[in-house]
Amino acid sequence: MNLKSKKNMYIYISIFVAFAVSYLIRTLPLTLIKKPIKNKFIKSFLYYVPYVTLSVMTFPAIIEATQSPLSGLIAFAVGIILAIIGAGLFPVACACCLVVFISEFFLV
C-alpha cells in the first residue's frame, strides 16, 4: 500500500467514524427513551442546551470578527448592558456595530 492510498483510507475511515458518532447521538435517545421525561433536572438541562450551544458558537465570532479583539469585547459589553436594560435586538445590534466602528477608528 502506497502513501496516497493509506491517506485516502484514513480520510474515509474518519468520515465514517464522524458519521457513526453523529448518527448514534441522534438515534439512541429516540430508540432508548420511550416514556416522557419527568425528571426536572434533565428537562431543564435539555431546555437550555440550544441556548448554550448558540452562545458557545457566537462568542468567539464576536471577538474574532473585528480587527481588534478589544473592540469586540467592548461591543460585547455594550450589548450585554443594553440587553439587560431591555433594548430590543435591532437597537442592540446597531449600537454594537457603532461601538465597533468607533473603537476600531480610535484603537487601530
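Which residues line the largest pocket?

1. The lining of the largest pocket consists of Y51, L54, S55, T58, F59, I62 and F76. A pocket is an open set of points on a 1 Å grid over the protein atoms alone, with protein on both sides within 12 Å along at least five of seven lines, and lining residues have an atom within 4 Å of a point.

2. The model is predicted: local features need pLDDT of at least 70, side-chain atom pairs count only at pLDDT 80 or more, and totals for chains, interfaces and linings use all residues. Residues are numbered from 1 along each chain as its sequence is written, and side-chain values use heavy atoms, without hydrogens and water.

3. The volume of the largest pocket is about 170 Å³. Helix α2 (residues 40-64) contributes the most to its lining, with six residues. By class, this lining has five nonpolar, two polar and no charged residues.

4. Helices α2 and α3 (residues 69-85) pack with their axes 7 Å apart and at an angle of about 125°; they are therefore oblique to each other (angles under 35 degrees count as roughly parallel, over 145 as roughly antiparallel, 65 to 115 as roughly perpendicular and the rest as oblique). In this contact (heavy atoms within 4.5 Å), F59, I62 and I63 of α2 meet P69, G72, L73 and F76 of α3. The contact residues comprise six nonpolar, one polar and no charged.

5. I102 lies in helix α4 (residues 89-107). Its relative accessibility is 41%, so I102 counts as partly exposed (between buried, under 20% relative accessible area, and exposed, over 50%, with a 1.4 Å probe and protein chains only). From A18, I102 is 84 residues away in sequence and 43 Å away in space, C-alpha to C-alpha.

Key
1 Å grid on protein atoms, 1.4 Å probe; cavity = no way out; pocket = protein on both sides within 12 Å on 5 of 7 lines; lining within 4 Å. Points joined across faces, edges and corners; volume = space filled by probe spheres on them. Helix = DSSP H or I, 4+ residues; strand = E, 2+ residues; numbered from the N terminus. Nonpolar A, V, L, I, M, F, W, Y, C, P; charged D, E, K, R; others polar. Axes fitted to C-alpha atoms, helices over the stretch in contact; angles between N-to-C directions.
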